[in-house]
Amino acid sequence: MSRRPSDGSPGTRRLLCASFNQDTTSLAVGSKDGYKLFSLSSVDTLDCIHHGNDMSDVYIVERLFSSSLVVVVSRTMPQRMNIYHFKKGTEICNYCYSSNILAVRLNRQRLVVCLEESLYIHNIKDMKLLKSLLSTPTNHKGLCALSINHSNSYLAYPGSSSMGDIIVYDTNSLSHVVEISAHDSPLAALSFNTSGTMLTSASEKGTVIRVFTVPDGLRLFEFRRGMKRYVSISSLSFSADGQYLCASSNTETVHVFKLENHSEESPTWSSYVGKVFSAASTYLPTPVSDMMHQDRAFATVHLNMFGLKNMCALAIIQKLLRLLIASSDGHLYIYNVDPQEGEECVLVKKHRLLEMDEKKPLLAKESIEGQSYAATVAATALATSFVQGYSEDGGARKGEVIPEHELAAGPVSLDDEQEFPPMTSRSGQKSGHTLSFNAFSLFS
């Protein structure tokens, strides 16, 4: 099958950004026409729950869980962050910063704004500035990750512009936690698991993905994405139970890795050979030894395109494990992942994200080749026994899915008008410094 390259023709509709919310129950996308929020509760239909068209050229849009709080940044005013209560159609507040905003991350207690050489940590309840991390290493891509767990509210960002060092910072105690020497080349992607106890990273080479413990910073897993070529990894994401990790890049392949300990596996010929290679690796040069200890992908997806940036996530939808891929070509691809066998994932639905009719759900009209949805459900029925709920206090909690509004009673749920009193616009000191949008736009 031939793979189609990215189409840069002027008439092609493209997303400027895409982001899954913290529990992967919704998808936010930004474009020239504003931004949209979609519900991810069903495979067959894609409901547009909100369309914000009062702002154009949106390149950052982040939603707080399933609440009404959404953060938006536009190319027309790249130094200003706007925070909305979208269900009421009101602006909560807006903040201006000294240079262009490259990324925004939020959980139930903290909101972090990333600039090229600084980070700002706000209390999300009243937007009070708690800490300014100034003179951080140059971060052209605005790379940073914030744990969604309110007890382990860690922030990770590059500790060097020339090496793959990671700084982990506690946004609760406002203190430095650990610095991890993760890669030899600069970082390209970072992500925490839902409990904030693991951190995954990839470098600009894109060949190796590593997982570290938090707060210790010890290497836990190492996966090899490929060997033949360097790629640009655009996203890393854990499943809610922390058992799987997906990675997408500008190539046609999306990888799913399984985080499992092989020490208790039953003795087989392959495990015996593995032990022989492991023993032999102690006598080999370090690069070769490292390669022999790296695990390969558990499951893969081969898209019918290359050269496009994609955001990926793993979610339980209708009781089955799904791989979601939001592509800059303006589509959402939904795949089934077999939790037992892995291998090639099955495409079950493709939805358009642009030029939709928001008055009614969109049924994917494209014909999907391969296994039928009913057959795929039957083949992956065992997935229901592996579904684990998410708890911000304890991480994964087996056998139950906790409603979003019950996750945290304290910080923010945005269910009534009194939680965010009217605020006046707040701004910081401005400067004339500007950046190229291509340097920090997710999709260009």
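Trainee: Is arginine 210 buried or exposed?
Mentor: Arginine 210 counts as buried, because its relative accessibility is 11% (buried is under 20% relative accessible area, exposed over 50%, partly exposed in between, with a 1.4 Å probe and protein chains only). This is a predicted model, where local features need pLDDT of at least 70, side-chain atom pairs count only at pLDDT 80 or more, and totals for chains, interfaces and linings use all residues. Residues are numbered from 1 along each chain as its sequence is written, and side-chain values use heavy atoms, with hydrogens and water left out.
Trainee: Which residue forms a salt bridge with arginine 210?
Mentor: Glutamate 222, with the closest N and O atoms 2.4 Å apart (a salt bridge is a side-chain nitrogen of Lys or Arg within 4 Å of a carboxyl oxygen of Asp or Glu). The pair links strand 20 (residues 208-213) to strand 21 (residues 219-224); strands are DSSP runs of E, at least two residues, numbered from the N terminus. Glutamate 222 is buried too, at 8%. Arg210, Arg219 and Glu222 are linked in a network of salt bridges.
Trainee: How many salt bridges is that by this rule?
Mentor: Five. One of them joins aspartate 44 and lysine 349, at 3.9 Å between the closest N and O atoms, and these two are 305 residues apart. Aspartate 44 is partly exposed at 30%, whereas lysine 349 is buried at 18%.

How values were computed
Helix = DSSP H or I, 4+ residues; strand = E, 2+ residues; numbered from the N terminus.
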